[in-house]
Amino acid sequence: MTSKLYEIISSTLNVPISHINNESGPETIENWDSFSVYVLLDEIEAAYSVKFDLDETLEIKNVGILKKLLQKHGVVQF
Amino acid sequence: MKNEQKISYYINKSKSIDISKFEKKVRIALLGSFTLNGMAETLSVKCAEINVGCTTYVSAYNQYNQEILNDNSSLYTFSPDISFLFLDSRSILEKLFHFPYSVSESERRQFIKTKVEQVSELIKAFTNKSKSKLIITNLTIPTYSPYGTYETKTSFGLQEMVHEFNSQLTKIAKGIDSVYLFDFNGFVTRFGEQNVFNFKQFFFGDVKVSLDYIPYLIHELTGYVKAVLGLNKKCIVLDLDNTLWGGIVGEDGFDGIKLGSDPMGKSFMEFQKVLLALNQRGIILAINSKNNEEDALKVIKEHPDMILREEHFACLRINWNDKVQNMKEIANELNIGLDSIVFFDDDPVNREYVRTNIPQLLTVEVSTDTAQYTQTLMSMNDFHLLKITEEDTNRGKMYLQDKQRKVLEQSSTNLQEFLQQLNIKLTIKKANNFTIPRISQLTLKTNQFNLTTRRYQEEDIKKFIKEGNWVSCVQVEDKFGDNGITGVFIVKKENAQWLIDTFLLSCRIMGRGIEDSILTHILQTAKKENVKTIKGEFIPTKKNIPCASFFSDYGFRKDGKYWLFELGNPIKIPNHIKYVIEQ
């Protein structure tokens with residue numbers, strides 16, 4: 001179900017897919033820093049043709065929140 | 001235009017680069033008034049793509065002032081070859097960026113004057129402390145003004161302030177050899193302010209070049225790296241059918257090809273015009289096309305809408321032979337390396353064939369849409385030079401003269417007769433402000449007849465002279481014309497023994513006894529100054545085989561890694577060459 005999203009996270013943050021879950025964030029993913037997460041969002045925006053608002057961007061603390069945001073923007077499958 | 005990969009591609013890719021495997025290396029510092037994240041990674045990848053190992057240094061966030069002014073900063077410890085300084089309107093204009101009209105016109109003028117002085121001091125400090133090339137960006141001219149449509153009526157308004165800053169910066173860069181101005185405003189104009197500057201990214205992390213456009217920006221900056229390292233391309237080899245004109249001349253006929261006033265025809269004419277302009281500044285053009293030579297030449301010579309004519313092509317291979325073989329012959333005839341050639345062909349099969357067989361040659365990915373040809377050519381970063389010299393602008397004419405020389409050579413019964421008839425005249429010129437740029441350029445790009453292949457920037461040449469060494473260059477003329485400055489030698493004077501540090505000839509003039517004459521001149525001069533021995537070096541590379549036996553042929557004897565000539569021995573004097581020595 002979540003393969004496309006996980007693939008993007010995996011390739012952008014250089015982390016194995018098996019390490020990714022809803023709780024994944026700066027504590028569990030080494031490369032998750034303020035710049036790389038922005039690169040990640042840029043990738044996700046392009047992949048799902050969505051645009052996050054600035055405040056939404058700042059909310060994203062882990063993968064679970066990211067999924068909720070995508071749902072909010074009408075993405076049902078990721 | 002080539003679409004760039006996204007930034008994440010470069011960031012990931014940069015992690016797996018092993019720079020130790022590259023022969024050519026470069027150290028690049030990035031300094032800026034905003035976040036430069038992602039730029040160093042992109043630069044490393046783009047350098048690796050051209051087989052250059054790039055080590056980068058990124059200044060601490062907005063610390064460029066301190067780092068440049070402080071002698072002991074990590075910037076100078078890093079010791080860059082090339083440094084990019086990114087400036088931006090917001091940082092430079094400070095509060096006047098938003099509130100330009102909160103102060104009077106004279107205060108705005110004073111503000112810009114002060115800012116220009118500050119940047120000028122910074123540049124001077126940098127050039128005093130570092131031998132790195134410095135590439136400084138100009139500022140984006142803001143498109144928004146609180147004055148709205150009245151902005152352009154306003155005396156020394158916001159936009160004029162930035163214009164003034166940019167034009168002063170241009171003047172400064174023109175006045176210092178090692179400083180170059182990158183037209184960042186032009187970059188933003190080309191891609192659009194709304195694309196390059198993304199408010200969300202700016203608020204999020206002070207990102208002033210949006211992530212998607214960093215690769216485009218770095219692509220342009222890589223052009224400087226190529227120029228500094230002498231990796232620029234010298235020649236464009238072109239196909240004919242569907243490349244220089246639409247359709248196939250063998251099938252559609254002289255009148256049937258698309259070239260001229262219809263939309264398709266215009267796309268080819270425009271492409272040809274851009275090629276001609278490149279030719280006029282020194283890029284060699286050649287043809288490699290499967291075609292009936294007669295049909296194709298008729299178009300080139302007689303078609304009313306052809307922009308490029310026979311005289312613009314230094315070499316023509318219009319035949320049914322193998323394209324790779326043709327390409328090798330072209331390189332051979334023009335005496336240039338395959339790695340300094342760009343190939344432009346509409347046929348993907350031909351491209352793949354050439355790319356596979358001659359990977360060092362740059363085969364351009366050409367769009368199926370002919371409207372894109374011009375754009376593709378204009379967006380290439382392979383033709384930049386740090387300086388365009390007289391030799392560059394005259395190159396087209398020189399290759400034409402070369403064709404005439406070849407005709408004479410073929411009609412001569414032996415080499416000696418040919419050389420006698422050429423009436424070669426050498427003018428040996430001491431390095432000076434006029435010749436130093438060309439001397440540096442030749443050391444950077446000459447590969448074949450180059451005994452030591454030592455690469456020197458202009459600053460290095462000046463240092464040699466300052467230390468009392470002998471740096472000269474050689475202008476070569478003959479009955480067909482002036483080849484310009486095509487030889488360089490640097491002799492280090494060590495009392496009774498002189499060392500030939502550098503000795504090179506442009507490949508165009510090899511094999512005419514010129515190299516012997518120059519060496520003779522060095523030996524005679526040394527003898528007059530009571531020097532006992534001349535020491536030469538040959539450092540072999542993949543490309544300088546043509547001069548491997550130069551010293552032994554002349555009569556030097558091998559001594560360890562050096563070649564020696566005792567000045568008590570007779571010096572040979574080639575009799576077909578006249579010298580003029582300019583002091």
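In the predicted model, helix H11 of chain B, formed by residues 214-228, contains 15 residues and extends 21 Å from its first C-alpha to its last, close to the 21 Å expected at 1.5 Å a residue, where the expected span is 1.5 Å times one less than the number of residues. Helices (H or I, at least four residues) and strands (E, at least two) are DSSP runs numbered from the N terminus. Residues are numbered from 1 along each chain as its sequence is written, and chains are lettered from A and ligands numbered from 1 in the order in which they are written. As this is a predicted model, local features need pLDDT of at least 70 and side-chain atom pairs count only at pLDDT 80 or more, whereas totals for chains, interfaces and linings use all residues.

Of the 15 residues of H11(B), 11 are buried, so the helix is largely enclosed by the rest of the structure; a residue is buried if 20 or more other C-beta atoms, placed from the backbone, lie within 10 Å of its own. The buried residues include Ile214(B), Tyr216(B), Leu221(B), Lys226(B) and Val228(B). After H11(B) comes Gly230(B), which has a positive phi near 70°.

When residues up to four places away in sequence are not counted, the residues touched by Ile136(B) include Leu85(B), Ile123(B), Leu169(B) and Phe182(B), contact being defined by C-beta atoms, placed from the backbone, within 7 Å.

Chain A contains 4 helices and 0 strands. With 78 residues, a compact globule would have a radius of gyration near 12 Å, and the 11 Å of chain A agrees with this; the radius is taken over C-alpha atoms, and the globule rule is 2.2 Å times the number of residues to the power 0.38. Buried residues account for 24% of the 78 residues in chain A.

The contact between the chains takes 12 residues from chain A and 13 residues from chain B. On the side of chain A that touches chain B, helices H1 (3-13), H2 (34-48) and H3 (54-59) of chain A each supply at least two residues, and H2(A) gives the most, with 7 residues.

Notes. A residue is buried if 20 or more other C-beta atoms lie within 10 Å of its own, exposed if 12 or fewer, and partly exposed in between; C-beta atoms are placed from the backbone. Two residues are in contact if their C-beta atoms, placed from the backbone, lie within 7 Å.
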